[in-house]
Each structure stands twice: as structure tokens, then as C-alpha cells.
Amino acid sequence: MKHHLILKVITKFMVGVIVLFGLYVQFHGDYSPGGGFQAGVIIAAAFILYGIVMGLENVQKVMPIWFAQKAAAVGVLVYALTGVFSIIVGFEFLNYHAISPEHPKHGQHYGIILVELGVGITVTFVMIAIYYGFAGRTPRLDDKEW
Amino acid sequence: MALTLKHLFAVIMLSGAFSLVSAMLFVVMDAVDVAFTEAAVGAGVSTVLMLATMALTVRVQKETKRPILFPLVVVCLVGVLLIYGTLDMPNFGAFDSPAQLHLGSTYLSITYKDMGIPNVVTGILASYRGYDTLGETVVVLTAGLGVILLLSGLKGRKDKE
């Protein structure tokens, strides 16, 4: 992909837009369609697009392999610790009333945002790690070989 | 057309296009969040993964000597049975379908009261069914770990030696 100038310029523009849309889907998920799973795959798709067009080594400068692999576990931790927090405060596991006992509605809202954030982090980095796993084993190909 | 194609590149591209079309179908049926997922995973990520796999193997499918008549008959028969199965189902969007009558209407009426958020799907997914979603997230992580162990792990060990 050395000489695909148009693809590179469009990609540089699109990656930002895609990530922005992913963040919107993530944090507006309680008002509009979407949530952690959808946002995760959208953000991962932005990184994968960058990787295809700019080359694997360039996307791995932005998002190193070790970071993607470790951050995937952080999402599950965020989710589970939300539940553990509510146990510590004295409610049931994953009962979001614990976050703000005076205002149960606010507690639910914050809880949902936290949990969706955990889902989003895990899905994003798992997708990126899977892509690295596959693309890292692919031999470098010339355009003609496709 | 995908049945008779031997060039795997074209087959992968066709399946990606098929995913994109089914994402549009989901939009038509008002399931926009499913459409997001289908467009990003089905048309985007999995097409890339298939291409990466193809780059590791071969570009053209081998000619088979086995007869294709029997599998074709089985596939057609299953298709006919599936379509026959849909005849009993309630119409699309019917208000008296079982899905709308029991839990669905309860969730629709209590979600806003309990949480003050308008997206009932998110409310069910993240709060009423929080355990299940935690499980799903762990499944996604496990799938990722499996791929990392199978693909990247081996490579790392070889590099060290």
C-alpha cells in the first residue's frame, strides 16, 4: 500500500470521524441506540482501517500489542469492580443503587455508564488484539500478489 | 454466485457485501444497534480477518471430486423446512405476539420509572440483566485470549529462540 495516496488521505480523515462516532455511541447509549458492544467494534474498526492502509507497524506505534492485550482485561475489571463496589457498600452484586443511595435513578444511570464503559473497553481491545493476531502472521504481500 | 466461485478473494468480498445488505435490513426493521454491529463486525472486521487468513493460505479453492448433489439437496431441504417454520410465527411487529405480551411490556413500562433513561434496551442489558452482560463480556475476553494464545503467543516464543 505504498502508493495509495487517496486511500491514505481519506483514511487519515475517516479514522477521527469513526472514533468520534464510536465515542458517541458509547456515551450516548442510554438515550440513543447503541452501547458498549457497538461502540467497541466501531472504535476497533477505526484502528483496523488504519492498520490496513498505513501498515501494521504504524498502527502498532499508536496502539502497541501489549497495551491492547492488557487493556482488554481492564474492561472486565471495570465491570466486575462496579459489582464488587455495590457489595462493599452493602447492596447486592451489580445493584447500581449503591452508587448513589439517596437518588436511585442517578445511581442506575452512573452504573449503566460505568458498566457500558467496561464492555466497550473489552470489546475494542479484544477486536484489535484479534486483528493483530491474524495480521501479525500474514507475510508481507505486494499489491500484485492479491 | 458465491456457490460457483473458486476465487476466495471474490467470495470474501461477496460475504462482506452480504453483511452490509443485512445490516440495511436491520435498519429497515428498526434494530439500529444490531445494524451497527453487523456493519462493523460482519462487513468490516470479519472481512479483514478472512482476508488475513486467505493471505496465509491459498487464493483459489481446490477442485473437489466429491459429488455436490447430496449436500445441495440437504441444504435446500433445510431451507424449505426453515421457511415452513416461519409460517406459524406472528406477523412482523404484531402487538399480540408472545414477545410483546409478557416481560416486554413490563420492561417498557418500568424502565423509565426505575432509571430515567429512554433506551429500554440499554436498561435491560446493563441493569436488569447485568449478570448476563458481565458473562457476555467475559466470553468476548475469553475469545480474544484464545486467539492471542493460538496466534500471537506462538510467534513470540519463536522470536525468543
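A: Start with a term: domain bounds here come from an automatic or database domain assignment. The model itself is predicted.

Q: OK, which domains does the assignment give for chain B?
A: Domain 1 covers 1-65, domain 2 covers 95-123 and domain 3 covers 129-161.

Q: How far apart are the C-alpha centres of domain 1 and domain 2 of chain B?
A: Those centres lie 34 Å apart.

Q: New topic. How many residues does each chain bring to the contact?
A: Chain A brings 51 residues and chain B brings 40.

Q: Which helices of chain B supply at least two residues of its side?
A: They are α2 (32-56), α5 (103-115), α6 (120-128) and α7 (130-160). The largest share comes from α7(B), with 15 residues.

Q: And how do the residues on that side of chain B divide?
A: There are 25 nonpolar, twelve polar and three charged residues.

Q: What about the largest nonpolar core? Which residues touch the most other members?
A: The core has 52 residues. V41(A), I42(A), I128(A), A129(A) and Y131(A) touch the most other members.

Q: Which helix gives the most to this core?
A: That is α5(A), with 15 residues. Chain B takes part too: its α2, α6 and α7 each supply at least two residues.

Q: Where does the core lie relative to the domains of chain B?
A: It lies between domain 1 and domain 3 of chain B, because both give residues to it.

Q: Back to V41(A). What does it touch, leaving out residues up to four places away in sequence?
A: In chain A, V41(A) touches V123(A) and M127(A). In chain B, V41(A) touches T37(B), A40(B), V41(B) and V45(B).

Methods: Residues are numbered from 1 along each chain as its sequence is written. Chains are lettered from A and ligands numbered from 1 in the order in which they are written. This is a predicted model: local features need pLDDT of at least 70, side-chain atom pairs count only at pLDDT 80 or more; totals for chains, interfaces and linings use all residues. Two residues are in contact if their C-beta atoms, placed from the backbone, lie within 7 Å. Helices (H or I, at least four residues) and strands (E, at least two) are DSSP runs, numbered from the N terminus. Ala, Val, Leu, Ile, Met, Phe, Trp, Tyr, Cys and Pro count as nonpolar, Asp, Glu, Lys and Arg as charged, and the others, Gly among them, as polar. A nonpolar core is a set of buried Ala, Val, Leu, Ile, Met, Phe, Trp, Tyr and Cys residues joined through C-beta atoms within 7 Å. A residue is buried if 20 or more other C-beta atoms lie within 10 Å of its own, exposed if 12 or fewer, and partly exposed in between; C-beta atoms are placed from the backbone.
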